[in-house]
Amino acid sequence: DMKRFNLFHKKISIINEVERKNFLIRLIFFALASFLYGIIYNTFLVPNNIVIGGMSGLAIVIKELTGIQTSIIINICTLVLVIISYFILGKDKAIYTIVGAAIFTLLISFTSTFSYSLQGYLKNEFLIILVSSISIGIANGIIYRSGFNTGGSDILASILNKYFKIPIGQCNSIINTFIIMSGAFLFGITKTICAIFILTVSSKMIDIIMLGVNDSKMIYIKSKNWKNLEKYIVNDLKLGVTEIGNKGGIFINKEPTLLVILPFDEYYNFKYHILKYDSKAFIAAHDCYAIQNGYSRKILPF
C-alpha cells in the first residue's frame, strides 16, 4: 500500500511538473488562439448559421430559437458547466477549466462587439468556408496543444465518461452529432454540408498543430541480402541506416530489420531503388512527425 501511495504521488508530481512547464507561453498562445476563434466564430459562423458542434454551435441553435445573443448563451452555459465540473470532476481538473473557460468566453464576448465590421471584407461563400476551416483548425489545435480547457461540451463529455464509462472521444462525437443534427433541422442540409466540410478541414489542421508536419517517412526494410543492401543505402543512396535486431515468426528469420528515416518527398524514389536492388525486399513505411535531435519542423515553442 505504501508503495502504491508513493507511486501515485510521484505520478501526480510528474503531471504537475508537465503542466507548469512553459505555463506563461502556453497561456499566451491559448489566449491568441481563443481570440482567433472568436473572430472567425462571430464574423462568419454566427451570421451564416453554420453549426459545427460544441458549445459555440449549440449557442447558434439556441439563438435561432430564443433570439438571445450567442455570447450570452456561451457565457451562461459555460459558467453552469464549470460549476458542475468543480463538484463532480474535482478541484484539480476544474482549475485549468476555469482559467481556460474564463479567457475563452471573455474573448468570444469581446470579438462579438466588433466582428460585424469585418463581415464586409469577405463576401465570397467559398472563401468564407475555406478561411473558417483553416482558421478554426489552427485555433483549436493551439488550444488543445496548450493544455487548457475551454469548458463547454468537453466538460459534458468528461461527466458522461465518469458515470457511464463511455470513452471521451465517443462522448464528444455523440454530443456534436446531436448539435449538428439540430442545426440541420433548423437551417437546412446546405448549411450542414458546409459545417461538415469545415470540421473535416479543421481536423486536418488540428493534426498538423498537435503532431507536427508530416514531412518524413520512417521505413523498415527486411531482406535476406541485408548486408549488401545496407552498404548500397549508405554508399550509393547516401542515407543513414539503423540495424534493429529481431527474430521473425514461424520461419525463425534472424536477419535484422533496417530502419531508414528520410524526407517525405524522397520516399518513392527510395522505394524504387530498394526494390530495383532487391525485388523481394519487404518494406513497411510510417509517417514520421518529429525526430528528437534530428531533422524535424517545430511549429510551436511548447
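Residues are taken as buried when their relative accessible area is under 20%. By this criterion, 38% of the 302 residues in the chain of this predicted model are buried. The chain comprises 11 helices and 4 strands. Of the contacts between residues at least 6 apart in sequence, 73% join residues at least 24 apart.

Two packed helices are described by the angle between their axes and the distance between the axes. Helix 4, spanning residues 70-88, packs with helix 7, spanning residues 153-164, at an angle of about 30 degrees, and the two axes lie 10 Å apart. Because angles under 35 degrees count as roughly parallel, helix 4 is classed as roughly parallel to helix 7. The crossing of helix 4 past helix 7 is left-handed. On the side of helix 4, the contact is formed by Leu 81, Val 82, Ile 84, Ser 85 and Ile 88; helix 7 contributes Ile 155, Ile 159, Lys 162 and Tyr 163. Classified by residue type, the contact of helix 4 with helix 7 contains 7 nonpolar residues, 1 polar residue and 1 charged residue.

Asn 172 belongs to helix 8, which covers residues 168-187. With residues up to four places away in sequence left out, Asn 172 touches Ser 153, Asp 154 and Ala 157. The relative accessibility of Asn 172 is 19%, and this residue is therefore counted as buried, the limit being under 20%.

Electrostatic pairing was examined next. Side chains of opposite charge can pair when their charged atoms come close. A search of the whole structure identifies 1 salt bridge. The side chains of Asp 287 and Lys 217 meet in a salt bridge, with an N to O distance of 2.9 Å.

Notes
Residues are numbered from 1 along each chain as its sequence is written. This is a predicted model: local features need pLDDT of at least 70, side-chain atom pairs count only at pLDDT 80 or more; totals for chains, interfaces and linings use all residues. Side-chain values use heavy atoms; hydrogens and water are left out. Axes are lines fitted to C-alpha atoms, for helices over the stretch in contact, and angles run from 0 to 180 degrees between N-to-C directions. Helices (H or I, at least four residues) and strands (E, at least two) are DSSP runs, numbered from the N terminus. Angles under 35 degrees count as roughly parallel, over 145 as roughly antiparallel, 65 to 115 as roughly perpendicular and the rest as oblique. A crossing is left-handed if the near helix is turned anticlockwise from the far one by less than a right angle, and right-handed if clockwise. Contact means heavy atoms within 4.5 Å. Ala, Val, Leu, Ile, Met, Phe, Trp, Tyr, Cys and Pro count as nonpolar, Asp, Glu, Lys and Arg as charged, and the others, Gly among them, as polar. A salt bridge is a side-chain nitrogen of Lys or Arg within 4 Å of a carboxyl oxygen of Asp or Glu. Buried means under 20% relative accessible area, exposed over 50%, partly exposed in between (1.4 Å probe, protein chains only).
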